[in-house]
Amino acid sequence: MNKWVLQNHCLIPDVPFSSAEKISQEKASELMAMKNAILVRSIYNFDIKEPKEGWFIIKESFGGIDELSASTKSKTRRGLKKCIVKLTNTYTKDEKQTDIWEVFLKENEEKIGYSINRIAENEVFYETFRISKKYLKGNYPYYALIYSMNEYYLSKKDYKFVCDGFRTMRERSDIQKFLIDKFKFRKAYCNTMIYYNSSLSKMAKYLYAIRFFFPGERAKAFFRQHRLFSNSKD
């Protein structure tokens with residue numbers, strides 16, 4: 001049975017996503033009323049072969065430095081020389097483990113970034129990456145962080161996969177492309193369906209018709225999600 005998390009008034013399946021099941025409009029309406037949500041994103045049939053508009057970004061194996069391109073190898077090695085990456089805290093809540101990783105500059109041990117990851121049923125979910133922008137150039141902290149976490153979870157701990165989450169709806173977010181291009185992540189396709197509450201259902205269709213009057217990034221993400229997944233026949 002699905003468990004649900006409320007994010008920005010949207011209900012999404014809680015981790016692990018791979019066990020999420022399809023729900024009906026009636027069940028979605030019941031959930032929205034209970035949780036005071038305006039929409040539900042239903043995800044099911046995780047990692048099917050047929051390409052779909054919905055997908056997660058996952059990596060199932062760790063091939064060390066040799067699986068990377070020459071450019072990524074160089075940047076990763078420089079990142080590991082300039083940065084210290086540590087798993088600094090772990091706690092468990094509701095049968096799910098949360099790991100906190102932190103990134104420090106070697107030269108002065110200044111903290112410059114972190115990652116928050118959740119673990120459920122042998123699957124690891126990279127939920128939040130944050131690196132201070134002023135330290136990106138020349139230090140390659142993202143390369144050091146991602147390489148170190150992939151090595152730990154996939155090689156040392158032998159988890160089933162690591163996952164950066166569902167397909168981003170924001171055009172300016174390029175972390176998923178980065179993971180695919182640089183660190184051999186792949187798309188795990190799934191069926192996806194969006195359900196709105198009664199008020200938003202009517203409004204969404206009207207707003208979509210005049211979407212060009214809403215140029216903001218958040219609005220574009222909403223309309224892109226509406227186009228791809230509302231009334232889906234998957």
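**Exercise 1.** Determine which residues K96 is in contact with, leaving aside its neighbours within four places in sequence, and state whether K96 is buried or exposed.

*Solution.* Step 1: contact means heavy atoms within 4.5 Å. Beyond its neighbours within four places in sequence, K96 is in contact with D14, V15, Y91, R118, I119 and A120.

Step 1: K96 has a relative accessible area of 9% and is therefore buried (under 20% relative accessible area is buried, over 50% exposed, and in between partly exposed, with a 1.4 Å probe and protein chains only).

Step 2: the model is predicted, and local features need pLDDT of at least 70, side-chain atom pairs count only at pLDDT 80 or more, while totals for chains, interfaces and linings use all residues. Residues are numbered from 1 along each chain as its sequence is written, and side-chain values use heavy atoms, with hydrogens and water left out.

**Exercise 2.** Locate K96 among the strands and describe how β5 and β6 pair.

*Solution.* Step 1: K96 lies in strand β6 (strands are DSSP runs of E, at least two residues, and helices are runs of H or I, at least four, numbered from the N terminus).

Step 1: β5 and β6 pair in the antiparallel sense over ten bridges; pairing requires that DSSP finds at least two bridges between two strands. In this pairing, N89 stands opposite I100 in β6.

Step 2: the two strands form a hairpin with two residues between them, and D94 in the turn has a positive phi of about 55°.

**Exercise 3.** Identify the residues of the largest nonpolar core that touch the most other members, and the element that gives the most to this core.

*Solution.* Step 1: a nonpolar core is a set of buried Ala, Val, Leu, Ile, Met, Phe, Trp, Tyr and Cys residues joined through side-chain atoms within 4.5 Å. The largest has 32 residues, of which Y126, L145, Y153 and F183 touch the most other members.

Step 1: the elements giving two or more residues to this core are β4 (54-59), β5 (83-93), β6 (96-105), β7 (111-120), β8 (123-131), α3 (141-156) and α4 (175-183). The most comes from α3, with eight residues.

Step 2: another core, of 13 residues, lies apart from it and includes F46, A120, A188 and C190.
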